[in-house]
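Here are some questions and answers on how two chains meet. The sequence and structure come first.

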Amino acid sequence: MNSARNLCWWVLFISAAVALQAFVPGLDVLVAGLLILLQERDYKNMFWLLPLFISIQEGMGTRFFGGTVVWYAMVIVLFKLGQWLFEVESFIFVFLLSACLAVPCYTIDWLMAPLQNLTFNIQETLDKSLVQALFLPVAWRVLSMTRQWIRTDNDVEK
Amino acid sequence: MTSRRVLILAGILLIFFLGMYTWNQRTRTLDDIAANIGLELAGAALAPLRSVQDAVTGFWRRYFDIVNAREENERLKADLRNMESRFQAVGEDLAELKRLRELIDLPKYTSLRPVGARVLAGRMGPNAVLDSITINRGYVTGARPGTPLVTHNGLVGRVLRASPHTSTVLLLTDQNSRIAVFSQTSRAFGILAGRGPGQNLEVNFVQRDANIKQDEVLLTSGLDKKYPKGIPVARVTSVAPSDYTQFMAVEAEPMVDLRHLEEVALLTSADVARPPEAPDHGPIRPAGQPAPQAAPTP
């Protein structure tokens with residue numbers, strides 16, 4: 001994999017994710033990037049990208065630090081559990097994972113609200129979880145197609 | 001054995017997380033780090049996007065502005081004549097107010113400095129649960145946490161979290177927002193509470209004997225020490241005796257259209273400045289009584 005192209009791809013992805021999040025309140029676009037990292041088992045880049053994702057989401061947020069850490073930890077745990085049963089690069093797996101992630105998405109908001117003495121809005125959180133669940137498979141599909149651009153011939157042969 | 005290890009590991013991680021969360025709640029160290037990195041990066045990514053968007057919409061608007069310029073010019077001239085006559089009528093009142101303030105030594109908010117800012121985005125990301133906006137000013141450029149934000153129509157909210165060049169602003173419509181206000185005409189005090197985006201505001205703790213009326217403007221009272229006194233916040237939409245409490249049930253709508261914000265002004269350095277000290281004429285004496293003689297110096 002061409003590392004310069006890969007770096008460019010991630011910079012472009014983060015910029016586009018931030019821009020998209022500005023238009024859709026409550027949506028997490030960066031989680032699609034985490035899914036790509038997990039599928040490619042790219043732990044070297046995850047080492048710096050995951051803290052960056054957490055910093056961006058926590059920095060843009062209005063809650064105390066911690067919600068995004070739990071959210072991304074749940075994504076990793078559910079991915080690893082699903083890995084035993086499914087082919088991780090299949091659309092079905094991503095669709096099921098994204099449906100399952102709606103539960104922690106709702107639960108984390110519900111648990112974090114009383115910790116900071118905030119009002120919990122059930123309808124808004126349900127909508128947010130549903131939009132997130134519907135968004136992730138679509139985003140993953142688009143991102144997977146663009147990832148082919150940075151793959152070299154050696155990667156394809158492997 | 002394996003499941004036992006997993007449970008122990010999960011327990012350790014939970015204790016570690018709660019410890020980190022509690023420590024951060026007290027010190028705000030991780031929040032500051034996240035704001036300095038994440039919010040700053042988000043601001044840097046959004047600023048060029050907003051510039052392009054402004055350029056495109058500006059070009060489109062200018063085209064329509066040219067088309068409507070003549071009609072608008074005539075309307076503005078009429079407005080200007082109206083404003084000039086009102087300004088002349090108010091000018092004498094202002095001069096009198098200034099004289100009276102100096103006479104009774106009232107504090108006045110002379111050091112409030114408006115600093116313009118551009119709205120970059122609304123609520124962003126899964127962690128943004130409060131009704132908020134993001135602006136292109138940070139603590140280096142005048143937006144320290146707690147700084148009030150206004151437009152020419154009234155109050156918008158206050159800065160919640162700031163990075164060097166970007167900050168997040170809590171809007172007055174958020175369910176966790178509370179502002180001390182009073183009504184402009186009847187001078188009835190209350191606490192203005194948000195009820196979420198797109199919802200009307202609620203004024204709590206207004207006494208039953210208060211003569212507050214519909215369409216009356218609510219101003220910040222300054223009693224909460226968060227906002228300076230006298231900024232228009234909302235307009236009363238309904239007043240009725242409450243069925244559940246001993247207070248009035250008052251609803252209001254924000255003066256500012258918070259869904260279509262583009263530019264705002266930060267009121268920086270909200271210190272109260274007192275007018276210059278008047279020369280000391282000694283204690284007030286009954287008329288005709290002579291002033292006491294100064295004590296001889298040794």
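Axes are lines fitted to C-alpha atoms, for helices over the stretch in contact, and angles run from 0 to 180 degrees between N-to-C directions. This is a predicted model, in which local features need pLDDT of at least 70, side-chain atom pairs count only at pLDDT 80 or more, and totals for chains, interfaces and linings use all residues. Residues are numbered from 1 along each chain as its sequence is written, and chains are lettered from A and ligands numbered from 1 in the order in which they are written.

Q: How are H1(A) and H2(B) oriented to each other?
A: Helices are DSSP runs of H or I with at least four residues, numbered from the N terminus. The axes of H1(A) and H2(B) lie 9 Å apart, at an angle of about 75°. Angles of 65 to 115 degrees count as roughly perpendicular. H1(A) and H2(B) are therefore roughly perpendicular.

Q: How many residues of the contact of H1(A) with H2(B) are nonpolar?
A: Residues are in contact if their C-beta atoms, placed from the backbone, lie within 7 Å. H1(A) contributes Ser15(A), Val18(A), Ala19(A) and Ala22(A), and H2(B) contributes Ala42(B), Ala45(B), Leu46(B) and Leu49(B). Ala, Val, Leu, Ile, Met, Phe, Trp, Tyr, Cys and Pro count as nonpolar, Asp, Glu, Lys and Arg as charged, and the others, Gly among them, as polar. One residue of this contact is polar, none is charged, and the nonpolar ones number seven.

Q: Which element gives the most to the side of chain A that touches chain B?
A: Across the two chains, 27 residues of chain A are in contact with 34 of chain B. Helices H1 (3–23), H3 (43–60) and H4 (67–83) of chain A each give two or more residues to that side. With six residues, the element that gives the most is H3(A).

Technical notes. Angles under 35 degrees count as roughly parallel, over 145 as roughly antiparallel, 65 to 115 as roughly perpendicular and the rest as oblique.
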